[in-house]
Amino acid sequence: MGIIDDEMKKLQDVVSGLEDRVRRLEQRQSGDKSSSEGVRMILIGPPGAGKGTQAPKIKEKFACCHLATGDMLRSQVAKKTTLGREAKKIMDAGGLVSDDIVIGMIREELENNKECKGGFILDGFPRTVAQAESLDKMLSDKNQKLQHAVELQIDDALLVARITGRLIHPASGRSYHSIFNPPKSAMKDDITGEPLIQRSDDNADALKKRLVTYHAQTSPVVGYYKNTGIWKGIDASQEPGQVWGSLVKIFDEKSPKKGGILSKLTGN
């Protein structure tokens, strides 16, 4: 039954993707402006919770932009800009980069990234209530509101096991794990064969420091979005496919369907 269940899940994912495309085409045909607005959401979760796994799926589903502050910062570090050098010192010490360093990049992306016209996923921002309030004001000025604030929840002890074995392909951002998701060849990217690295902040001591800071900063932000009514929590210790299923349910609550593609094909 395991193989059959896996195949059924794959088919359901394909059908869900087709339904999303059909729905967007129908909205465009009918002149429904909501299709151009896409999704407006933030992903909340500690390092290793799975934001980087789920965000590309959301991006594909809604044709929106994925703004991960960590990726943008690492790009600056790789380029050895003034911003990147300052950020590297903080990350190597196990801390979180200051608000002033991040806010400018986020604003620039939202205003100039063409993909963001289809909506956005903010990953790693906001980290404080003040940032959350600033984000709400910026969107309000555009007559928009955040639709979802989704928190990926997972025990700290599980995160240590996940993070300390994580391997990264710097050019693409593809991630592997030495135990849970090893590359086909040791320390080599499956696609390009280029070497993988372990980030300097991916060690147990640095992670514990990051988690202390994360929890202290994030709890008030979660409380803020609970008060606004858009917060949802998901058990991120589940398999990635189960986490994705939970996300789809949240999206579907806000996007009622007229009828699935299967029912149209079968006439049911």
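1. Asp189 and Arg174 form a salt bridge in this predicted model, with 2.8 Å between the closest N and O atoms. The pair links distant parts of the chain, 15 residues apart. Asp189 sits in the loop between β6 (175-177) and α9 (204-228), and Arg174 in the loop between β5 (166-168) and β6.

2. How many salt bridges does a search of the whole structure find? The search finds five. Three of them are described in this note, the Asp189 pair being joined by one between Glu115 and Lys59 and one between Lys232 and Glu253.

3. In the salt bridge between Glu115 and Lys59, the closest N and O atoms are 3.2 Å apart. Glu115 is partly exposed, with a relative accessibility of 38%. Lys59 is also partly exposed, its relative accessible area being 30%.

4. Lys232 pairs with Glu253 in a salt bridge whose closest N and O atoms lie 3.6 Å apart. Because Lys232 is in strand β7 (residues 231-235) and Glu253 in helix α10 (residues 240-254), this pair ties together parts 21 residues apart in sequence. Lys232 counts as partly exposed at 34% relative accessibility, whereas Glu253 is exposed, with a relative accessible area of 54%.

5. Asp123 deserves a separate point. This residue is found in strand β3 and is buried, yet has no salt bridge. Which side chain of opposite charge is nearest to Asp123? That side chain is Lys51, 4.1 Å away. Side chains of opposite charge can pair when their charged atoms come close. Here the distance to Lys51 is 4.1 Å, and the salt-bridge cut-off is 4 Å, so the pair is not counted as a salt bridge.

6. What joins the side chains of Asp123 and His66? A polar contact of 3.1 Å does. Leaving aside neighbours within four places in sequence, Asp123 is in contact with Leu43, Lys51, Gly52, His66, Leu67, Ala68 and Thr69. Lys51, the nearest side chain of opposite charge, is thus listed among the contacts of Asp123, as is the polar-contact partner His66.

Note on methods:
Residues numbered from 1 in each chain as written. Predicted model: local features only at pLDDT ≥ 70, side-chain atom pairs only at ≥ 80, totals over all residues. Heavy atoms only, no water. Buried < 20%, exposed > 50% of the residue type's maximum accessible area, 1.4 Å probe, protein only. Helix = DSSP H or I, 4+ residues; strand = E, 2+ residues; numbered from the N terminus. Lys, Arg positive; Asp, Glu negative; His and termini not counted. Polar contact = N/O pair within 3.5 Å; in protein donor to acceptor, adjacent residues only side chain to side chain. Contact = heavy atoms within 4.5 Å.
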